[in-house]
Amino acid sequence: MIAHSLENGEEQYVPWEDWVADESTVMTFGRLALQSGFLEDEELDAAVMEQEARRKKGHTSKLGQILVQRGSLTEEEVTRIFELQGTLGGHTELEGYDVIEQIGQGSMGRIYKARQLSMNRVVALKVLSPKLAMDSTYVKRFLRESRLAGKLRHENVVFVLDAGISNGVHYYVMEYVEGRTLKEILGFRKKLSEKELVRLALHMARALAHAHSNGVVHRDVKPSNIIVSNIRVPKLCDFGLAKDLNFDPSVTSAGTVLGTPLYISPEQIRGTGCDIRSDIYSLGATLYHCACGSAPFISSGGATVMLKHLTEEPTPIEQKAPGISEEMAETIHRMLSKEPDGRFQTPTELWRRLVPLAYGETATEVEVEELPDEPDILYKAKHKGRGKPKK
Ligand SMILES: Nc1ncnc2c1ncn2[C@@H]1O[C@H](COP(=O)(O)OP(=O)(O)O)[C@@H](O)[C@H]1O
Ligand SMILES: [Mg+2]
């Protein structure tokens with residue numbers, strides 16, 4: 001058995017027997033109770049204080065026992081937390097995986113960086129929250145997410161390797177992408193250059209083209225669902241809201257608004273059904289944010305943002321980002337057309353529009369046709385002697 005420590009920023013592997021578990025890697029009863037949603041912070045704090053007070057008087061009491069006495073937890077909840085602690089807590093990672101650290105926290109669960117012991121490789125694990133795992137609706141949704149993402153295999157889509165259940169914990173395994181989400185990058189860069197913008201758009205158009213050819217609509221394209229690897233390959237992740245068109249061609253969601261207000265398409269807001277053109281809109285909103293430093297519509301309230309998506313035109317990009325070419329600005333505005341018919345109709349059509357922006361007008365249709373399956377479009381273009389992409 002191998003354990004991990006991160007010292008001086010470098011990952012080291014130390015023999016199991018030498019490993020002293022530190023607080024950050026051990027899932028204590030209290031943390032697990034919080035994560036599971038059984039408990040509020042204040043209730044835990046109060047119970048910890050009481051435990052400490054009792055200890056000072058010479059009494060030792062278990063935290064679970066105190067929480068039950070205080071009425072914060074039921075006996076059943078304590079039992080459930082113990083069960084979970086026996087699976088994800090402390091030294092008990094998922095069977096076959098050694099958890100290194102938590103790298104993300106989402107609506108349905110957590111993302112961990114882990115070592116897959118059988119292959120001795122680093123992977124990312126998405127684990128369904130223990131509390132949600134008690135609800136079969138969420139379990140089904142989680143399984144659907146892993147299977148939909150698992151249908152795809154493309155350089156610009158985070159690759160799903162496997163899915164499983166270990167001691168009652170649902171998880172799926174992905175390639176681990178060393179890098180930063182676009183959201184993080186925008187946090188410190190604010191705006192991207194034209195060259196970066198075109199490159200990002202090309203890669204994401206390819207990711208969507210691949211999803212589209214597999215009948216998948218992502219429905220939640222946004223900066224936090226795009227991870228830019230350290231070798232600068234952007235990858236689409238998080239198929240938590242995705243739909244399989246082969247299975248459900250209508251993709252209506254009447255009554256349910258899906259996606260994030262900042263990047264959501266008008267038809268998703270209306271709940272009148274959406275297709276791949278909805279992903280093109282959300283990608284357009286994402287690119288607009290990258291060009292201008294903020295999403296097309298912002299407001300303190302989600303409802304106002306949604307209303308603006310339905311009724312307002314975004315401020316012209318040239319006003320907010322003078323460094324962006326007229327062609328690129330026009331491309332993004334077209335992606336943001338209120339009516340799906342006004343947008344590029346497929347990701348490939350979008351991609352075809354972007355190629356001359358990246359390589360100049362001389363790139364021919366035949367060459368363009370050849371490019372989609374190549375892993376790195378910029379490399380391929382140079383390789384074909386077409387010169388450097390336009391600055
Ligand atoms: N395969 C991965 N490699 C590296 N980081 C990842 C990976 N998958 C997810 N993450 C990180 O975890 C975050 C949440 O993952 P995501 O799948 O978007 O979950 P959620 O549905 O909770 O938004 C991402 O924004 C990213 O920071
Ligand atoms: Mg996400």
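At what angle do helix α7 and helix α9 pack, and how far apart are their axes? In this predicted model, local features need pLDDT of at least 70 and side-chain atom pairs count only at pLDDT 80 or more, while totals for chains, interfaces and linings use all residues. Residues are numbered from 1 along each chain as its sequence is written, and chains are lettered from A and ligands numbered from 1 in the order in which they are written.

Helix α7 (residues 194-213) packs against helix α9 (residues 276-292) at about 165°, with the axes 11 Å apart. Helices are DSSP runs of H or I of at least four residues, and strands are runs of E of at least two, numbered from the N terminus. Axes are lines fitted to C-alpha atoms, for helices over the stretch in contact, and angles run from 0 to 180 degrees between N-to-C directions. α7 is therefore roughly antiparallel to α9 (an angle over 145 degrees). Their crossing is right-handed (the near helix is turned clockwise from the far one by less than a right angle). Contacts (C-beta atoms, placed from the backbone, within 7 Å) involve L197, L200, A201, M204, L208 and H212 of α7. From α9 come I276, D279, L283, L287, C290 and A291. This contact has 10 nonpolar, 1 polar and 1 charged residues. Ala, Val, Leu, Ile, Met, Phe, Trp, Tyr, Cys and Pro count as nonpolar, Asp, Glu, Lys and Arg as charged, and the others, Gly among them, as polar.

A second pair is formed by α12 (residues 326-335) and α13 (residues 347-359). Their angle is about 170°, and their axes lie 10 Å apart. These helices are therefore roughly antiparallel. The crossing is left-handed (anticlockwise by less than a right angle). E327, M328, T331 and M335 of α12 meet L350, R353, L354 and L357 of α13. The contact comprises 5 nonpolar, 1 polar and 2 charged residues.

Note on methods. Angles under 35 degrees count as roughly parallel, over 145 as roughly antiparallel, 65 to 115 as roughly perpendicular and the rest as oblique. Two residues are in contact if their C-beta atoms, placed from the backbone, lie within 7 Å.
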